[in-house]
Amino acid sequence: MANSLNGRKIVLGVSGGIAAYKAVELLRLLTKAGASVHVVMTASAKKFVTPLTFATLSGHPVYHEIFDSEHSAAMEHLQVSENADLLIIAPATANTLGKLANGLADDPLSTLFTGYDGTVLVAPAMNDKMWAHAAVQENIRKMKRMGVHVMNPELGELACGVTGLGRLAEPADMVREIQQLLAQQSDLQGIKFLVTAGPTREHLDPVRFITNRSSGKMGYAVARQAVKRGAEVVLISGPTHLEPPPGVQLQPCQRAQEMYSLVMKHLPDCDVLVMTAAVGDFSPAEVQKEKMKKSDQPLVLHFLPTVDILQAVAAKKTGQFVVGFAAESENVVQSAQEKLKRKQLDLIVANNISAPGIGFQSDNNQVTLIDSAATIEALPLMSKVEIADILLDRIKSKIAPSS
Ligand code: CTP
């Protein structure tokens, strides 16, 4: 990781807080390590440090006016971040976080952020009461759900004279975090992932179907993060309202049987299978060709069990690393462990569906990872994007332990 900054293009966004002076030190450390750094400033940041300081130290013009007549026609906010390996925003004030989390774009930094789809790290700095405020915390959660990385502020003396949680992270720590994120950008290169997501849908007649409450968010997060980290990803998805992540090969399906066929088709070519899909357990014995008419008689429908895809994979796999999910409402760990053994999984992600505010539909979840060596790792409540990254870290360490 020592020279991971050499030749990399970093955009440093500076917003207006007293900690802006630390961005100068950050810039110095990054350029010293060989990075090419382009600085973007908000109007308030210029009250603390001048653009000239950053321009002189970075060797590049500083972007600090959206409507600069010389440059605006060239869409400067898109050019500055073009081919950038990472955008770090330090310090990120409460005001800037609020804009970024809510898609506002009225200054150079927020316009650049909304036009950038690469890795973003924000390092907030503010008064401790502001940091603790529900609105700021909600914005931080929003940013994390978008996949933005956050370096929490530290405890220390603040500009207002009190000691509290709100101090900008130290520049050297930010450099280490940047190096880690850059290393992560290609750590899954050469690994082929097969991910299933969403619910399945079983038709009863041309207009009716049975399905379940799965949103697909967990599987889409795994697929998105795996691609971002350099993996090849085939995403087999039941019906969802989600945008397919850029770079994945999407294979849509509806019925459990269709999902089974697609998994079997792609299994021989993958290294890792992650089955997040909530596959329906039953399908109607018969699908009516015409719409069923209303009647005053009770309706009796017959269902047959669907194929258990993971069980079928167990018989067919040839060294693939297989991850299953378990939605449990009681004895979570024990039930998941039984499932892991029965389906011959390498890893299972268990969650307690009876806990409020997590799981189905939610952007967050609280899960426990259990592997075939009975290692149990209970994760705190976090966004599904964060869970996806931790899951990918664990998979990577199992299949390529030396890297
Ligand atoms: N799964 C599957 N094929 C099915 C049903 C589920 O491959 N027909 C997979 C899911 O994608 C998930 C895991 O198996 O990875 C979930 O196991 P399952 O036995 O369905 O358990 P739960 O849905 O958690 O619930 P239950 O224990 O009540 O069956």
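I counted secondary structure and found 13 helices and 21 strands in the protein. Helices here are DSSP runs of H or I with at least four residues, strands are E runs of at least two, and both are numbered from the N terminus.

The model is predicted: local features need pLDDT of at least 70, side-chain atom pairs count only at pLDDT 80 or more, and totals for chains, interfaces and linings use all residues. Residues are numbered from 1 along each chain as its sequence is written, and side-chain values use heavy atoms, with hydrogens and water left out.

I took overall extent next. The C-alpha trace of the protein spans about 75 × 55 × 45 Å along its principal axes. Of the 403 residues, 49% count as buried (under 20% relative accessible area; exposed is over 50%, partly exposed in between; 1.4 Å probe, protein chains only).

I then looked up the ligand. The ligand sits in the second largest pocket. To sit there, more than half of its atoms must lie within 2 Å of the pocket's grid points. A pocket is an open set of points on a 1 Å grid over the protein atoms alone, where a 1.4 Å probe fits, with protein on both sides within 12 Å along at least five of seven lines.

I listed the shell: 15 residues are around the ligand, and M275, A277, V307, F325 and K339 come nearest (a residue is near if one of its heavy atoms lies within 4 Å). The shell divides into 9 nonpolar, 2 polar and 4 charged residues; Ala, Val, Leu, Ile, Met, Phe, Trp, Tyr, Cys and Pro count as nonpolar, Asp, Glu, Lys and Arg as charged, and the others, Gly among them, as polar. Helix α11 (309–316) and strand β16 (321–328) each supply at least two shell residues, and β16 gives the most, with 4.

A backbone N or O atom of V307 is 2.9 Å from a ligand nitrogen. A polar backbone atom of I309 also lies 2.9 Å from a nitrogen atom of the ligand. For L310, a backbone N or O atom is 2.9 Å from a ligand oxygen. Taken alone the ligand exposes 580 Å², of which the protein buries 76% (Shrake-Rupley, 1.4 Å probe).

Last, I looked up S335, which is in helix α12 (residues 332–342). S335 counts as buried because its relative accessibility is 19%. Its side chain reaches the backbone oxygen of N331 at 2.8 Å. A polar atom of the S335 side chain also lies 3.4 Å from the backbone oxygen of E330.

Notes. Polar contact = N/O pair within 3.5 Å; in protein donor to acceptor, adjacent residues only side chain to side chain. 1 Å grid on protein atoms, 1.4 Å probe; cavity = no way out; pocket = protein on both sides within 12 Å on 5 of 7 lines; lining within 4 Å.
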